[in-house]
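Please read it with the structure open beside you.

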Amino acid sequence: MSDYDDSYSEPDEVMSYVSTTFSEADVRSLSTGPGLGTLTSPVGQYPVPGEANKGQKHPKYYLSNFVNIQVKNMLYRVPHTILQQSEIFGTNLHKYEASGALDVKGITTQEMEAFLDVSDARLVTGDDHFTLEQWLGAVATADRLGIPRIRNYAAGKAQPALNRLDPFECIDVATKYRVYGWLLQPYARICERPESLSPAEMARLGLERASAVCRVREKLFTYKYQSTKSWIATNWPGNPYGRSSSSSQPQWEQMEETIRAQQATNGLNLVQGEAVLSRPTFQSPGAEPPVYTVPQGKPHPKYWQTDLREMKVGSAVTLRSFGRSSRCLQVQNSLYQLPIRYFERPDLLGEIPARRASSSHSGGLLTLPQDVPAYEWNIFLDILTARPFDEPWFELVFWQWKIGLRLAVRFGHDSARRYILDRIAGECALENPIDLLEAAELASAPDSPWLQGLYKALSERKGSLSPEDIDRIGKKATAEVLKLRDQYMWSAGQKGCHDVF
């Protein structure tokens with residue numbers, strides 16, 4: 001396997017953790033437009049036992065194909081949609097979807113678990129809770145499995161934490177995990193610091209890298225002198241370089257900030273120009289290639305993937321149990337299956353009444369509300385499953401965000417509710433303030449500068465609030481708007497403005 005590049009910000013092919021390949025016709029059939037009629041599924045999907053065979057697997061949200069992976073004495077079931085992005089296994093996954101397991105050498109169980117945790121990250125839950133060790137584990141495992149999308153994503157997220165390390169430690173980490181992008185900052189910090197390299201540091205870097213650091217430092221000190229001289233000549237008229245005298249004194253703190261910023265830019269550029277620093281030849285990890293074997297180990301308590309909810313929603317939306325911990329849900333002849341943890345609460349929807357099913361292979365039969373159209377359900381699942389490393393970045397229009405917000409509130413999904421509200425506040429500024437305040441009222445949004453801005457915009461519009469407006473935005477928002485409007489109208493009266501009604 002070839003060395004990886006450091007360009008972890010470069011776009012790769014579109015990848016979603018729960019996506020499978022389907023045609024443009026299938027995409028059109030799953031359109032989330034409000035005028036959608038009967039939802040159709042692609043031909044050729046696999047049927048399921050019993051009543052479930054009346055529907056076909058949803059091309060995006062039926063997570064059913066897995067590859068067994070063994071790391072040391074632990075077994076994992078990894079979704080097909082992760083490994084299909086692999087540069088090693090992507091074209092031959094069908095060979096590994098049996099009862100055997102890929103025995104992967106060269107990584108630890110902790111690194112494998114970190115990789116699965118990171119690849120399971122979703123926008124609604126965020127990724128700011130991962131530690132540096134988890135990001136590094138994800139890099140190591142993605143490297144070993146040949147999945148550049150997740151490797152580059154994890155490498156980029158680890159950068160801020162690495163910048164807080166000792167620069168020599170950071171260089172060691174970058175070398176161990178073979179990430180070029182992690183080398184620039186620590187070398188620049190070493191080159192920009194006042195102290196020269198010590199004998200111990202030279203020994204740690206080696207002769208070639210120590211020599212390159214010395215070359216960069218020499219250039220930086222020359223540039224710093226020239227930059228300081230230029231700044232003084234420009235900003236201190238009474239200076240020793242021939243300008244007219246003046247009683248004004250230079251702003252030394254401003255000079256230091258300016259020179260420091262220039263040094264940082266120069267340092268990165270100079271380090272980039274030294275190939276031995278920025279593009280060293282990384283040694284191959286040398287681990288044995290994965291082999292397909294009989295699984296020997298114990299299933300991982302989280303990532304043996306038994307907590308899947310198989311869903312089938314039809315004219316009457318039902319949840320049916322298949323086995324110990326999966327569920328079936330069908331929406332207009334499409335079957336859905338996703339991990340239960342995606343829905344935060346084990347019962348998925350608090351309003352679902354439970355009753356017993358007559359089928360011998362079914363456990364409890366639950367009925368979902370029938371007033372949720374298929375296109376709204378798909379929008380909600382799009383939001384729940386969107387990944388921070390997806391390309392292109394996940395985007396919806398306002399009316400779609402509003403549908404997702406309504407379902408998140410109805411189904412008690414707090415993470416989705418907060419996430420959707422943040423996206424609306426950040427991306428929908430041009431929408432009608434009434435529509436935005438209605439969304440804020442629906443989500444019980446806390447007071448914020450965003451809300452205050454909406455109150456102000458609404459208080460300064462022409463025309464008073466109608467009964468429908470008051471009903472939509474709620475009494476609390478109405479009270480805030482009226483308070484600001486009283487002030488606005490008083491000011492308008494003082495200025496003699498009469499076009500505010």
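1. At the start of helix α6, a side-chain oxygen of aspartate 166 comes to within 2.9 Å of the backbone nitrogen of phenylalanine 168. This is a predicted model, in which local features need pLDDT of at least 70 and side-chain atom pairs count only at pLDDT 80 or more, while totals for chains, interfaces and linings use all residues. Residues are numbered from 1 along each chain as its sequence is written, and side-chain values use heavy atoms, with hydrogens and water left out.

2. Helix α6 covers residues 167-177, and its buried residues (under 20% relative accessible area, with a 1.4 Å probe and protein chains only) include Pro167, Phe168, Cys170, Ile171, Val173, Ala174 and Tyr177. Arginine 178 follows α6 and has a positive phi, near 60°.

3. Threonine 141 lies in helix α4, residues 132-145, and it counts as buried because its relative accessibility is 0%. Leaving aside residues up to four places away in sequence, threonine 141 touches Ile107, Glu111, Met112 and Phe115, where contact means heavy atoms within 4.5 Å.

4. Helix α13 (residues 398-410) packs with helix α15 (residues 433-442) at an angle of about 20°, and their axes are 10 Å apart. That angle makes α13 roughly parallel to α15, a term used for angles under 35 degrees. On the α13 side the residues are Phe398, Lys402, Leu405, Arg406 and Val409, which meet Asp435, Leu436, Glu438, Ala439 and Leu442 in α15. By class, this contact has 6 nonpolar, no polar and 4 charged residues.

How values were computed: Axes are lines fitted to C-alpha atoms, for helices over the stretch in contact, and angles run from 0 to 180 degrees between N-to-C directions. Helices (H or I, at least four residues) and strands (E, at least two) are DSSP runs, numbered from the N terminus. Angles under 35 degrees count as roughly parallel, over 145 as roughly antiparallel, 65 to 115 as roughly perpendicular and the rest as oblique. Ala, Val, Leu, Ile, Met, Phe, Trp, Tyr, Cys and Pro count as nonpolar, Asp, Glu, Lys and Arg as charged, and the others, Gly among them, as polar. Buried means under 20% relative accessible area, exposed over 50%, partly exposed in between (1.4 Å probe, protein chains only). A polar contact is a pair of N or O atoms within 3.5 Å; within protein, one must be able to donate a hydrogen and the other to accept it, and residues adjacent in sequence count only if both atoms are side-chain atoms.
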